[in-house]
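Subject: Model with two ligands

Hello,

Here is the structure you asked for. My notes come after it.

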Amino acid sequence: MQRADVAMYAAKRSGGGVAIYDLSQDPNSPDRLRRIADLRVAVETNAIEPYYQPIFSVASGELHSVEVLARWRMDSESFVPPSEFIPLAEEIGLICTLTRGLIERALDQAAAWQRAGYTLPVAINLSARTLLDASLPDFIVQTLAAHALPAEALSFEITEGAMMEDPLRALEVLNSLDRMGVRLAVDDFGTGYSSLTYLHEFPVDFLKIDRSFVQVMTTDPDAEAIVRSTIHLGHDLDLLVVAEGVEDEATLARLVELECDLVQGFHLGHPVAAEALEALLAQPAKTLRIG
Ligand code: G
Ligand code: G
Ligand code: MN
């Protein structure tokens with residue numbers, strides 16, 4: 001009966017009217033309860049690590065900043081994917097603690113890089129729930145001050161969907177971050193709400209074109225048109241445009257022609273632990289100019 005009940009709620013949610021019991025959707029399943037308990041411990045013990053993916057400037061070929069991506073290691077070989085534990089952390093109310101832990105660790109790292117002579121801003125992903133946390137701006141002020149870092153050392157990536165979930169409250173938090181000098185990026189641009197309101201009303205600095213367009217732009221003319229128009233739109237609004245999901249040289253070459261400002265993707269660098277990123281810091285600027 002309990003399982004039938006779980007299936008009934010799943011059927012109601014999907015609007016399809018029919019559902020087969022699925023263990024992963026069962027809030028009472030032993031697997032899920034174990035995963036939740038493990039996640040609590042991982043968050044409390046700071047076991048979720050920041051990985052860093054490089055973002056390069058097209059004009060200079062230099063490392064511009066890094067995106068922080070949460071990694072939960074199971075053993076030396078395997079990780080729980082963020083697509084699994086981030087939604088779970090949201091559901092059970094742990095996402096704010098998890099995000100604050102990552103901000104602290106990423107700023108520790110940024111301060112260490114600064115001491116070594118490298119100015120490397122860190123970009124943190126914020127989910128909808130974190131954006132409604134009215135005490136986040138104070139936490140940021142204190143954490144930046146504790147690390148003697150300027151506000152420019154930090155930026156946040158927010159999806160269109162997260163901004164529109166509760167736009168008025170989100171706008172308040174984003175405006176205070178903006179007044180502090182922390183930069184904001186619209187993440188996964190083009191895949192969420194097609195409302196352009198937030199570009200107009202929110203204090204945005206960067207547009208990150210979703211990788212689903214960038215990955216196929218050299219073979220799919222429609223995707224290329226979307227990338228090209230987004231770059232123009234961003235520039236007309238005085239924003240810096242980032243292409244994410246750059247996976248090969250041909251895509252990079254086209255983005256250089258289209259005068260995209262910043263590039264990120266497996267072709268340029270995977271998300272890696274801090275020590276691995278340091279090898280990149282010591283290298284000369286990449287040659288991103290083509291022709
Ligand atoms: O490499 P990747 O598998 O890290 O990330 C998958 C998804 O999880 C992406 O959409 C990414 O934005 C998201 N993600 C990764 N780390 C974080 C985080 O610290 N907070 C939030 N809210 N999302 C994250
Ligand atoms: O949603 P967000 O843009 O934050 O997603 C970041 C995610 O994109 C991470 O899971 C990261 O590992 C992944 N990613 C970064 N670069 C590439 C790439 O070139 N190709 C693919 N397929 N994924 C990428
Ligand atoms: Mn992101």
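The notes below cover the two ligand sites.

This is a predicted model, in which local features need pLDDT of at least 70 and side-chain atom pairs count only at pLDDT 80 or more, while totals for chains, interfaces and linings use all residues. Residues are numbered from 1 along each chain as its sequence is written, chains are lettered from A and ligands numbered from 1 in the order written, and side-chain values use heavy atoms, with hydrogens and water left out.

Ligand 2

Its shell (residues with a heavy atom within 4 Å) holds 16 residues, the closest being E67, R211, Q215, E247 and F266. By class, seven are charged, five polar and four nonpolar (nonpolar: Ala, Val, Leu, Ile, Met, Phe, Trp, Tyr, Cys and Pro; charged: Asp, Glu, Lys and Arg; polar: the others, Gly among them). For polar contacts (pairs of N or O atoms within 3.5 Å), a side-chain N or O atom of E247 is 2.5 Å from a nitrogen atom of ligand 2. Oxygen atoms of the ligand lie 3.0 Å from polar side-chain atoms of D188 and E244. The protein covers 78% of the 520 Å² of accessible area that ligand 2 has on its own (Shrake-Rupley, 1.4 Å probe).

Ligand 1

L69, A70, R71, P82, I86, L102, N125 and S127 surround ligand 1; five are nonpolar, two polar and one charged. The side chain of R71 places an N or O atom 2.8 Å from a ligand oxygen. Alone, ligand 1 exposes 490 Å², of which the protein buries 71%.

Regards

Key. Polar contact = N/O pair within 3.5 Å; in protein donor to acceptor, adjacent residues only side chain to side chain.
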